[in-house]
Amino acid sequence: MVEAPGLVVAPTVSLSARGVIKRYTTRSGTVSALDGVSIDVASGECVALVGESGSGKTTLLRCFNRLITPDAGSVRVDDVDVSTTDAVALRRRVGYVMQEGGLMPHWTVRRNVELVPWLRASPNAESAATDAMALVGFGDGTFDARYPVQLSGGQRQRVAMARALAAHPNVLLLDEPFGALDAITRADLQEMFASIRRRRPVTCVLVTHDLF
Ligand code: ADP
Ligand code: MG
């Protein structure tokens with residue numbers, strides 16, 4: 001499916017976790033972050049993870065892009081066990097919006113958004129970034145030359161979303177992308193996210209406190 005000139009939308013994929021266990025050992029003892037968690041996300045579906053702070057949401061999300069290796073259980077992306085895949089290649093097709101955005105502070109907005117297409121040596125890196133910025137409402141270039149510190153919290157989250165989208169991921173993992181924002185900004189971002197999902201129905205796991 002062609003969405004814009006020269007840009008092909010990546011196919012969506014399914015996700016699953018089966019009996020995932022993850023414990024952290026700290027100096028004060030062992031913390032059980034995930035205790036036999038199973039979840040299925042169908043291709044193109046958006047599943048929200050809702051739970052109290054410390055319930056293991058971030059840990060589960062990071063199992064899907066191999067930032068965390070479970071102690072037991074299996075995690076599959078596109079029906080392939082992620083432990084058998086190349087972690088770097090996996091992360092380039094699984095978009096991840098971290099809890100705090102995770103933008104490179106010493107890079108401009110534009111460079112941040114072009115990061116993954118550039119790492120892939122994509123000949124379409126520039127247009128992928130331009131399209132992604134348009135998707136998050138920053139298509140006029142106003143923010144391109146700014147640094148993350150020169151943005152508001154909501155603007156930073158939009159840029160973090162654009163960075164993930166520029167890679168044309170098969171899957172989007174979003175860790176509280178609307179958290180720590182005022183109510184109006186949060187509502188704006190939720191509307192933006194809904195509109196992006198209509199245009200790019202990518203498989204999503206969304207950690208959120210807002211049941212919208
Ligand atoms: P959530 O995202 O739902 O707030 P997390 O997945 O971040 O929860 O954390 C789940 C539990 O694991 C918490 O008790 C947290 O303190 C603990 N935890 C997370 N990361 C680590 C770590 N690197 N070392 C030790 N404990 C951790
Ligand atoms: Mg978390």
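H3 passes H5 in a right-handed crossing, meaning that the near helix is turned clockwise from the far one by less than a right angle. Helices (H or I, at least four residues) and strands (E, at least two) are DSSP runs, numbered from the N terminus. The model is predicted, local features need pLDDT of at least 70, side-chain atom pairs count only at pLDDT 80 or more, and totals for chains, interfaces and linings use all residues. Residues are numbered from 1 along each chain, and side-chain values use heavy atoms, without hydrogens and water.

The axes, lines fitted to C-alpha atoms over the stretch in contact, come within 7 Å and cross at roughly 25°. H3 and H5 are therefore roughly parallel (angle under 35 degrees). In H3, Val-109, Asn-112, Val-113, Leu-115 and Pro-117 take part in the contact (heavy atoms within 4.5 Å). Their partners in H5 are Val-159, Ala-162, Arg-163 and Ala-166. These residues comprise 7 nonpolar, 1 polar and 1 charged.

The largest nonpolar core has 30 residues. Such a core is a set of buried Ala, Val, Leu, Ile, Met, Phe, Trp, Tyr and Cys residues joined through side-chain atoms within 4.5 Å; buried means under 20% relative accessible area with a 1.4 Å probe, protein chains only. Val-113, Val-136, Met-161, Leu-165 and Leu-174 touch the most other members. H3, H4, H5, H6, E9 and E10 each supply at least two residues. H5 gives the largest share, 7 residues. A second, separate core of 24 residues includes Ala-17, Val-77, Leu-90 and Leu-173.

How values were computed
Chains lettered and ligands numbered in written order. Buried < 20%, exposed > 50% of the residue type's maximum accessible area, 1.4 Å probe, protein only. Axes fitted to C-alpha atoms, helices over the stretch in contact; angles between N-to-C directions. Parallel < 35°, antiparallel > 145°, perpendicular 65-115°, else oblique. Nonpolar A, V, L, I, M, F, W, Y, C, P; charged D, E, K, R; others polar.
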